[in-house]
Amino acid sequence: MSAENDGSEAGMDQLHEPKSEALRALYWRDEILQLMFWIKGEGLGERVDPELLDRFLGVQTTVGIRYLDRLVDEGLLDRDPDGRYGLTEQGHQHGARVFAHEFADLTQPGHGECGPDCWCHMSVAEAEACLDGRSGTGERGAGG
């Protein structure tokens with residue numbers, strides 16, 4: 001997702017990778033592991049090739065290979081003989097953390113919605129009562 005800011009509206013919508021090599025390595029580590037976690041979670045595959053990074057993240061294949069190999073050296077990915085990469089357990093955990101942090105605002109209950117400890121998650125009857133309570137039509141008041 002890196003692109004140089006050309007001052008256009010389209011350029012401003014894209015993420016920019018850091019200028020220093022150390023921060024750029026951290027940036028791409030998080031981007032790659034988050035993408036691989038998402039791909040695995042969506043059932044789109046367990047392994048990726050460098051060309052996939054180009055399609056999803058906009059990183060050139062030769063540059064992507066460098067970052068993928070670095071993640072292999074760090075124990076976050078493994079590489080098979082066909083040149084495809086997969087998450088190790090440590091890489092999966094890191095990708096899950098980055099993904100959860102990145103999408104925390106979208107995965108948290110909205111105003112008036114129940115939290116994860118609400119009784120409505122335990123039974124259909126409680127869910128209906130909770131929904132009625134939140135809409136103001138039920139006898140029980142607001143749910144969790």
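These are my notes on the fold of a predicted model.

**Ground rules.** I number residues from 1 along each chain as its sequence is written. As the model is predicted, local features need pLDDT of at least 70 and side-chain atom pairs count only at pLDDT 80 or more, while totals for chains, interfaces and linings use all residues; side-chain values use heavy atoms, without hydrogens and water.

**Elements.** I found seven helices and three strands in the chain, taken as DSSP runs (helices H or I, at least four residues; strands E, at least two) and numbered from the N terminus. From that end I read the order α-α-β-α-α-β-β-α-α-α.

I looked up the strand order and got 1-3-2, an open sheet with antiparallel pairing; two strands pair if DSSP finds at least two bridges between them. Strand 1 (47–48) and strand 2 (77–79) are the edges, each with a single partner strand, so one side of each has no neighbour in the sheet. I noted three bridges between strand 2 and strand 3 (residues 85–87). Aspartate 78 sits opposite glycine 86 of strand 3.

**Helices on the sheet.** I then checked helix 4 (residues 61–73), which packs on the sheet and touches strand 2 and strand 3. Its direction makes about 110° with that of strand 2; axes are lines fitted to C-alpha atoms, for helices over the stretch in contact, and angles run from 0 to 180 degrees between N-to-C directions.

**Burial.** I looked up burial and found that 28% of the 144 residues count as buried, meaning under 20% relative accessible area with a 1.4 Å probe, protein chains only.

Terms used
Buried means under 20% relative accessible area, exposed over 50%, partly exposed in between (1.4 Å probe, protein chains only). Contact means heavy atoms within 4.5 Å.
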